[in-house]
Amino acid sequence: MNHDTPLSPHPSSHLCDGRLRLTTAARLRAHGISAAETSAQCRPGGPWQQLLPGVVLLHPGPPTGEERVHAVLLYASRPPSAGPAPGIPAQPEARKAPRPKPAEAMVTGPAALALHGFGSAPPLPSLHRIDVLVPRPRRLRSTGCARVLRTADLPVPEQVAVPPAPGSDRAENILVPVAPVPRALADAVADLTDAVVVGRLLTEAVRGGHCEPAAVVRELTRARLLTRPHVVDAVSALLTESRAIAEERLYRMVREYGLPEPMWNVDLRLPGGPHLGGADAYWPEHAVAVELDTRVSRHDDEALEAEYARRREHLERLGVTVVRLSPRGLRESPEQQAVVVRTALMAATDRDPAAYVVVLPR
């Protein structure tokens, strides 16, 4: 057989994992197919095509979105070359270091958001490139549909199912490593200049229950994106909406779990005295105040925390119990949060009467 002779037809299932018609050059070699034979099959008009370096698509048609995702991960997860770097002599055999394990890689950016189920993210088939996150030491170039993003702080990936492409005979989903939503958002926002698009993505992240605003802001801060005016505007709108969502969850928790109706959104003051602080819900008969902790990570967190602790201690010296609830707790475990509030209300009967506090609308 010469290099122009096509391979004898054999089913591609024995060359790949049987679920996607995609494989690597290393796997082809393991099946006795040389690099020259692979190149012959990948010529224009041939039955195969080289989708990315070292990654072969075992059919001639255009790749599906799921095939491109898997191809990018196969490309980015290849073990680093075992040969010496340019200009560095090879070491004697006895001194060779153990061969490194395949580097970690995960999908991020718009493709990751699509895999997480974001309706405001472009669908996989429409994406011309797939962003893949790899450790910074990896010497790997962006090429074809793969854009390589290096990082010194690789997050723990989530295993997300890639749905079968329309018309596929594959019934089951295949799990792939995908960056967590806050990191995928930051990597996607880094390339966006449209404030409306940015706002839709951030809003869906919170409204859809994918993550909390604090996690989004933390990642945007890490990526140094909060210096961009359109991102700052989108974050401000996000925080306003997330506060409203948290308040609605608090209202629902009180009513669904049979807590007494409180006074909503009030300011507390001493008669003729200073402002003591605000409360999202306040039960004057029990002297119990609930405060939603909707703060996000900031450089002055320590000063804010000290101020909050000082205000809480002042209220508690006056006999007012302060219960601090998080938006995440209200979303994930409202019944448990209701138990915390109910316990504080019941404990009021065992405390000394609280000082008289003036309650004003906020």
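## Strand pairing around Thr 23

In this predicted model, Thr 23 stands opposite Val 56, a residue of strand 3. The two strands concerned, strand 1 and strand 3 (residues 55-57), pair in the antiparallel sense over three bridges.

This pairing belongs to an open sheet of three strands in the order 1-3-2, with antiparallel pairing. Strand 1 (22-24) and strand 2 (49-52) are the edge strands, each of which pairs on one side only. On average, and with direction ignored, neighbouring strands of the sheet are turned by 40 degrees against each other.

## Helix 3 across the sheet

Helix 3, which spans residues 65-76, lies across strand 1, strand 2 and strand 3, and runs at about 10 degrees to strand 1.

## Helix 7 and its packing

Arg 224, which follows helix 7, has a positive phi, near 60 degrees.

## Confidence of the model

The chain has a mean pLDDT of 84, and 83% of its residues reach 70 or more. Over residues 1-11, however, the pLDDT stays under 50, and the model has 13 contacts beyond four places in sequence for this segment. A further stretch, residues 82-103, also has pLDDT below 50, with 13 contacts in the model beyond near neighbours in sequence.

Methods
Residues are numbered from 1 along each chain as its sequence is written. This is a predicted model: local features need pLDDT of at least 70, side-chain atom pairs count only at pLDDT 80 or more; totals for chains, interfaces and linings use all residues. Side-chain values use heavy atoms; hydrogens and water are left out. pLDDT is the predictor's confidence in each residue, from 0 to 100. Contact means heavy atoms within 4.5 Å. Two strands pair if DSSP finds at least two bridges between them. Helices (H or I, at least four residues) and strands (E, at least two) are DSSP runs, numbered from the N terminus. Axes are lines fitted to C-alpha atoms, for helices over the stretch in contact, and angles run from 0 to 180 degrees between N-to-C directions.
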